Amino acid sequence: MKRYLDIWIARKLGVPRLTREALEDWQLSKIRETFQWAVSRSPFYSELYQGMKMDTWEDFRQLPFTSPGDVCARGMEMVCVSQSEISRIVTMQTSGTTGLPKRIYFTEEDQELTTDFFHNGMRLMVDASDTVMILMPCRRPGSIGDLLKRGVERFGAKVVAYGLPDGSDYGRILQIMEESGVTCAVALPGHMAELAKRAEAGNYQIPLRTVLLSADYVSAESRHRIQNAWDCRIFEHYGMTEMGLGCAVSCPALEGCHIREADLYLEIIDPKTGEVLPDGQEGEIVFTTLTRKGMPFIRYRTGDRSRFLTEPCVCGSILKRISRVGDRQMAKGQWQEKQQE
């Protein structure tokens, strides 16, 4: 199996071969840079980390967590660049007690980091001979579907950027898949399962070989239905807007999702005590951005549950993997908003 993510990250680190030691040294260095950048440019982080230092991993573990509530209440104060440098703002309605929306800010450079991840991550499942249909928001420049399209086109694959299904156009989508010879589809699990159900009822000749499911929990029922319809390989992606839309993706072994560890540092904590848990134990995902400039996040609590897989991946990658992420509390609300993005 080709370890595209390892090769990509080794190139980002400037090392001939990726090792855990080199990667963890990079991560600590980037956390220091992110901390200094945020404290020097953000009123929120300057106040939160007043009098604190960030030199060692021990220092890092002492930093307070941040949360979605902080973004709702003080998101603009978390931004570290001028408004003229912001190229995209994603607004998500929340169902919390305040009802305030979350607004996430990106620079062009921040979005390029995601495009680069999509470019390398998608190479784990498709190549230049494939036709990829994107059933994600893609109308606006910088939307998740647009960034994915750019990333896939960089290695020569053909892209059919359709956008999110609206519930009444599944038949049309299946016709396009058949006419275009779609071999890979990227979609929400529920949408892909509905397409599979209708494909089984029809007589469509669609050469689908791989599917990438993202943005919501993948149930056993959805997985079974999709596999029955097309006998395809199902990859999974985990990410959220605050992460820059991309975090971790399956390799061909299809055992957990490898993390983009040069851009994100993940922790698994006990959601009640905040204690960092040993690898293998399930808890809440907390992440820190390592390379974002517009709106960095430090020890951000996601509310999502997972665990680090401890056994080596058969693909040979040294990147950490997380297990399948459980139900996300706000996934549906977030994606309803993204349909308009």
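**Exercise 1. Decide whether strand E10 is buried or exposed, and on which faces.**

Solution. Strand E10 spans residues 264-269 and is mostly covered, with six of its six residues buried. Buried means under 20% relative accessible area, exposed over 50%, and partly exposed in between, with a 1.4 Å probe and protein chains only. Strands (E, at least two residues) and helices (H or I, at least four) are DSSP runs, numbered from the N terminus. Next, take the faces: Leu264, Leu266 and Ile268 lie on one side and Tyr265, Glu267 and Ile269 on the other, and all are buried.

This is a predicted model, in which local features need pLDDT of at least 70, side-chain atom pairs count only at pLDDT 80 or more, and totals for chains, interfaces and linings use all residues. Residues are numbered from 1 along each chain as its sequence is written, and side-chain values use heavy atoms, with hydrogens and water left out.

**Exercise 2. Work out the order of the strands in the sheet that holds E10.**

Solution. Start from E10: six bridges join E10 to strand E11 (residues 283-289), and the two run antiparallel. Two strands pair if DSSP finds at least two bridges between them. Then move on to E11 and E12, which pair in the antiparallel sense over four bridges; here Gly283 has Ser306 of E12 as its bridge partner.

**Exercise 3. Describe how helices H9 and H10 pack.**

Solution. Two packed helices are described by the angle between their axes and the distance between the axes. For H9 (residues 189-201) and H10 (residues 220-230), the axes come within 8 Å and cross at roughly 40°. Axes are lines fitted to C-alpha atoms, for helices over the stretch in contact, and angles run from 0 to 180 degrees between N-to-C directions. H9 and H10 are therefore oblique to each other; angles under 35 degrees count as roughly parallel, over 145 as roughly antiparallel, 65 to 115 as roughly perpendicular and the rest as oblique.

**Exercise 4. Locate Gly99 and state its accessibility.**

Solution. Gly99 sits in the loop between strand E1 (86-92) and strand E2 (102-107). Its relative accessible area is 38%, so Gly99 is partly exposed. Finally, Gly99 and Thr289 are 190 residues apart in sequence and 26 Å apart in space, C-alpha to C-alpha.
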